[in-house]
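This briefing covers two topics, one after the other. Please look over the sequence and the structure before reading the points below.

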Protein chains: 2
Amino acid sequence: MDWQQVQCFLAVAERGTLAAAASHLGMSQPTLGRHINALEASLGLALFIRSRKGMALTEAGLSIVDDARGMRDEADRIALKAAGSAQSVSGSIRITASDIVSTYVLPPIIAALGIAEPDIEVELVPSNTLENLLRRDADIAVRMVRPMQNDVIARKTNEMGMGIYAHEHYLARRGEPANMEEFFRHRLIGMDRSNLIIDGMHDFGIAAERNMFSVRTDDQVAYWELIKAGAGIGFAAHFLANGAPGLRRILPDITIRALPVWLASHRELRTSQRIRRVMDFLHEHISALPLKQGMPEHDTVEH
Amino acid sequence: MDWQQVQCFLAVAERGTLAAAASHLGMSQPTLGRHINALEASLGLALFIRSRKGMALTEAGLSIVDDARGMRDEADRIALKAAGSAQSVSGSIRITASDIVSTYVLPPIIAALGIAEPDIEVELVPSNTLENLLRRDADIAVRMVRPMQNDVIARKTNEMGMGIYAHEHYLARRGEPANMEEFFRHRLIGMDRSNLIIDGMHDFGIAAERNMFSVRTDDQVAYWELIKAGAGIGFAAHFLANGAPGLRRILPDITIRALPVWLASHRELRTSQRIRRVMDFLHEHISALPLKQGMPEHDTVEH
DNA sequence: TAATTGTAATTCAAATTTGAATTGAGGGAT
DNA sequence: ATCCCTCAATTCAAATTTGAATTACAATTA
C-alpha cells in the first residue's frame with residue numbers, strides 16, 4: 001500500500017470531489033482519480049461511489065477514514081517538528097489574521113519586517129475562521145480571542161478599543177442619537193450570519209436581534225467601508241476611525257469591551273529561529289500600536 | 001509533504017541501508033535514494049548521514065522516526081480493515097425481489113443460505129418497484145426485467161415459464177374454454193393499475209382492456225391466491241401451479257412469453273466478498289430451479 | 001599492498017506518470 | 001422542455017520517474 005494514495009484518499013473523502021481535492025493537493029483531477037483507483041485496487045475494495053455529484057464514501061471507505069486522519073495527525077507532527085528544527089533564518093512564513101487586522105494593521109508591520117529581515121518571505125492569510133495551528137494552516141496566528149488549543153503558545157500583545165461610529169454625512173441627514181433609545185431607531189450596520197456583534201451586545205445586557213440591523217454583511221472590511229460611506233451607524237475599532245476623515249464617535253459614554261490581540265504559534269515552532277524572530281517582531285510592533293484609545297494617527301510603525 | 005516519502009524514510013531508518021530498504025519496498029536503490037533526498041529537501045533538514053556503511057539517522061531524523069512509526073501503525077490498521085472487510089463474508093445484506101419471488105421462490109433458498117453461511121444476515125425487501133441499486137436501497141435485486149441502469153452489473157439466471165391456469169372448482173362450475181373466444185367470456189383475473197398483463201397480451205396481438213377482467217388486484221400474491229381459490233382464470237408461473245393441488249392449465253397450446261429472472265448488483269459492490277458470495281449462491285440455486293416448464297415438484301433446493 | 005566487499009551516487013534509455021483538453025452524463029435552473 | 005453547470009472519465013503527447021548498469025569510494029580481508 002502506497003501511503004501517498006492514502007493521502008489522496010483522505011483529501012477526496014474530505015472534499016467530496018476529485019477536482020477540489022486535486023487542486024488542494026496540487027495535482028490534476030485525472031492523476032488523483034488514478035491514485036484513488038490504484039488504492040482501491042490494492043486494497044481490493046471500493047472506497048467511493050462515483051456519481052455525477054462527486055465521490056461519496058462507501059461503507060468500507062467510511063470505516064478507514066478515521067485511520068487516515070490519524071495518519072495525517074502524525075504527518076502534521078512531523079511537518080511541525082521539521083519546521084521547528086529548521087534553523088535557517090531565511091525562508092517563508094505563513095501568518096493568519098482576521099480580515100481587519102490583515103488589511104489595516106499588518107501591512108505596514110510586514111513592510112517593516114521586509115526591511116529588517118529581507119530573507120524572510122511572508123505569506124499573509126486573511127481568515128476569520130480559527131485556523132488550525134496543529135495542522136500548520138499557518139505558522140503564526142493573530143487572533144482576537146485567547147487561543148485555547150493544546151500545544152499552542154500564545155501571548156497577549158495589545159487590546160483593540162472599540163466604539164460606535166458614523167460618518168458626518170450620515171449624521172447630517174439623520175441626526176445624532178443622544179441615547180440608546182434613539183440609537184436603535186437609526187440605520188444600524190450589523191453582521192449577517194456571524195453572531196459577533198449580536199453576542200457582544202448580549203454581553204452588555206442588550207437583547208439584540210438580527211433584524212434590528214438595516215444593513216448587514218459578514219465581510220469585516222466591507223463592514224468598515226459601509227460605515228465610512230455613511231450607510232449607517234456601526235461598531236469599529238478606534239484606530240480605524242481615527243485615521244478616517246469625517247468619522248464621528250457616537251455615544252462615547254457607552255464603553256464597549258476591548259478586543260484582545262493575541263499572537264499564537266505552535267510549541268514545536270518555538271525552536272525555529274525564523275519563527276521566533278517574526279513572533280518577536282510582530283509582538284514588538286503590534287504592542288507599540290496605540291490601539292486602545294482614539295488618537296489622531298495610528299500608523300506609528302517606524303522604518 | 002509526500003507521505004510516500006515518509007514511508008521510504010521509515011524503511012531506510014529501520015533497515016540502515018538504501019539497498020535493503022529498497023528491496024523491502026520493492027523499488028530500486030537509486031529511486032529510494034532520490035525519495036529520501038526529496039523528503040529532506042521538502043522538510044528543509046538532513047535526516048540521514050550518508051556513509052559507506054549505510055544511512056545513519058541524524059538527530060532530526062531520530063526525532064521524527066517515532067511519528068513515522070505512528071503513521072505506519074495507522075496504515076497497518078487500514079490494511080487490516082481492508083483485508084477484513086474484503087474477505088469477511090459476515091454482515092448483513094439486503095435483497096429485493098418482486099412479491100411473487102419473495103414469497104414463493106426465495107424463502108427456501110434463503111433458508112439454505114442461512115445454513116451454508118450462518119454469519120450472513122439477510123434482509124428481504126419485497127417490492128414491485130424497481131429499487132434503486134445506485135442509492136443502496138438494496139445490495140442485490142432479483143428482477144423480471146433486464147436492468148438497464150448504468151453501473152449495475154446483472155446476470156440472467158433463469159426463465160420463468162408462464163401459463164393460463166384455473167382451479168378445478170371454478171372449471172367445474174363454468175366449464176373449460178376450448179379457444180380464445182370462449183376464454184374471453186370467462187371470469188378473468190387481471191391487474192388494476194399495473195399494465196403487466198395487458199401489455200403482455202398486447203405483445204401477443206390481443207387488444208386487451210382493463211374492463212375485460214372481472215376480478216382485479218395489483219397484489220401479485222393476492223392474484224395468485226384468487227386463482228387458487230377458484231375466483232377465475234388467470235396467468236401464473238408454471239412452478240406455482242405445479243405445486244398447487246387442483247390447478248388446471250388452460251389452453252396449453254397458447255404460449256406465453258417466459259419472464260427472465262435477472263440478478264443485479266451495483267458495480268461498486270463487486271469487490272465485497274459477502275455480496276459476491278450471496279450473488280453466486282442465489283445464481284446457483286435459482287438457475288437450478290425448474291422454472292421453465294411445468295413439473296410435479298419445484299422445491300429442488302438441496303441442503 | 002592488493003583484492004574484495006558493501007555502500008551511495010551517477011548515467012541514460014525506457015517505462016511510467018502526468019495533465020491539458022476533451023468527452024460524456026446527470027442534476028438543477030430557467 | 002431546454003440549457004447550463006459541474007462532475008468523473010478518457011485521450012494522448014509530453015514530462016517525469018524509474019532502474020539496470022556503472023561508477024566511486026572506503027573499509028575489510030588476504
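The model is predicted. In it, a polar side-chain atom of B:Arg34 lies 2.7 Å from a base nitrogen of DNA strand D.

**Surface near DNA strand D**

- There are 18 residues around DNA strand D, and the ones that come nearest are A:Leu18, A:Gln29, A:Pro30, B:Thr31 and B:Arg34.
- By type, the residues of this surface are six nonpolar, seven polar and five charged.
- At least two residues each are supplied by α2 (18–25), α3 (29–43), β1 (48–51) and β2 (54–57) of chain A, and by α3 (29–43) of chain B.
- The largest share, four residues, comes from α3(B).

- In the side chain of B:Thr31, an N or O atom is 2.7 Å from a phosphate oxygen of DNA strand D.

**A:Gln7 and chain B**

- A:Gln7 sits in helix α1 (residues 3–15) of chain A.
- A:Gln7 counts as buried because its relative accessibility is 17%, and the cut-off for buried is under 20%.
- Leaving aside neighbours within four places in sequence, A:Gln7 is in contact with B:Met1, B:Asp2 and B:Trp3.
- Its side chain reaches the backbone oxygen of B:Met1 at 2.8 Å and the backbone nitrogen of B:Trp3 at 3.2 Å.

Notes: Residues numbered from 1 in each chain as written. Chains lettered and ligands numbered in written order. Predicted model: local features only at pLDDT ≥ 70, side-chain atom pairs only at ≥ 80, totals over all residues. Heavy atoms only, no water. Near = heavy atom within 4 Å. Polar contact = N/O pair within 3.5 Å; in protein donor to acceptor, adjacent residues only side chain to side chain. Nonpolar A, V, L, I, M, F, W, Y, C, P; charged D, E, K, R; others polar. Buried < 20%, exposed > 50% of the residue type's maximum accessible area, 1.4 Å probe, protein only. Contact = heavy atoms within 4.5 Å.
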